[in-house]
Each structure stands twice: as structure tokens, then as C-alpha cells.
Amino acid sequence: MSLNRSEKFSVTKDWQDDQCIVYLQGELDLAAASDFRKMMEPIMSDDKLHLRMNLKDLKYIDSTGIGILLSILKVRHSNNSTFVVEEVPPQIQKLFTMTGIAKFFAVQDNTQVGTERKE
């Protein structure tokens with residue numbers, strides 16, 4: 001699936017059994033945020049679905065995009081559902097660390113920011 005409002009941003013979903021991998025490409029900014037949030041709402045609310053978000057091809061994310069990731073984390077946590085952010089590029093990882101978002105994820109390995117903490 002590609003979001004059309006911003007030619008700089010696209011989303012691809014890969015469904016595998018009870019798992020959805022969401023691949024983000026380009027720049028997740030204010031121009032793309034509304035469409036991305038609407039597209040993610042039914043996916044993030046499905047508590048039986050294992051959700052993985054692959055950021056390998058994400059070039060840029062602004063505070064609006066970070067807010068969406070935090071919203072997804074909050075919904076997934078309240079549903080006691082899994083949410084993994086993986087293959088985070090170094091420049092995005094640096095931003096996550098500087099803004100404090102990285103602390104909301106448990107680090108699994110070098111290619112992932114982490115998995116939602118289960119407590």
C-alpha cells in the first residue's frame with residue numbers, strides 16, 4: 001500500500017498468518033501523518049495480530065511521526081499485544097535516543113529498537 005498525499009513516503013504491508021509487517025519508506029512527516037495514522041488504526045487495534053514495523057528504508061521522521069509510533073505503542077500495550085520496531089537506521093535510532101522514545105522499547109539486538117515491554 002502506498003500513501004498518495006506525500007510522494008516522499010510509502011507503506012507496504014506484508015501479512016503472514018497472525019502477523020503483519022509494516023514497511024515504511026521515505027519521510028514520515030506532517031504531510032504523510034494523517035493518512036498513515038488512518039491506515040494503521042485497524043491494524044494497531046487488532047489484539048490478536050503480531051505487529052512488526054520495519055524502518056529499514058525510513059529516511060526521516062518528525063515529531064508527528066514519532067507521536068504516531070507512541071500512539072501505536074500505547075494502543076498495543078493497552079491491548080496486551082505485541083509491537084516490534086525493527087531495522088532502525090542509525091540516524092533514526094539517534095533521533096529516538098535523543099528524544100527519549102528509545103526508552104519505551106526493550107532493545108533486542110542491533111537491528112531493532114525493541115519490543116514492547118510486557119509487565
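The following paragraphs describe the fold of this protein chain and then its salt bridges.

The structure is a predicted model, in which local features need pLDDT of at least 70 and side-chain atom pairs count only at pLDDT 80 or more, whereas totals for chains, interfaces and linings use all residues. Residues are numbered from 1 along each chain as its sequence is written, and side-chain values use heavy atoms, with hydrogens and water left out.

The protein chain contains three helices and six strands; helices (H or I, at least four residues) and strands (E, at least two) are DSSP runs, numbered from the N terminus. Read from the N terminus, the order of elements is β-β-α-β-α-β-α-β-β. A contact requires heavy atoms within 4.5 Å. Among contacts between residues at least 6 apart in sequence, 65% join residues at least 24 apart.

The chain has 119 residues, of which 45% count as buried. Here, buried denotes under 20% relative accessible area, exposed over 50%, and partly exposed the range in between (1.4 Å probe, protein chains only).

Attention now turns to the charged side chains. A salt bridge is defined as a side-chain nitrogen of Lys or Arg within 4 Å of a carboxyl oxygen of Asp or Glu, and the count by this rule is three.

One of these pairs is Lys 8 with Glu 27, whose closest N and O atoms are 4.0 Å apart. This pair links distant parts of the chain, 19 residues apart: Lys 8 belongs to the segment before β1 (9-16), and Glu 27 to strand β2 (residues 19-28). Lys 8 is exposed at 54% relative accessible area, while Glu 27, at 27%, is partly exposed.

Asp 47 and Lys 48 form another salt bridge, with 3.8 Å between the closest N and O atoms. Asp 47 is partly exposed, with 41% relative accessibility, and Lys 48 is exposed, with 66%.

Arg 52 pairs with Glu 86, and here the closest N and O atoms lie 2.8 Å apart.
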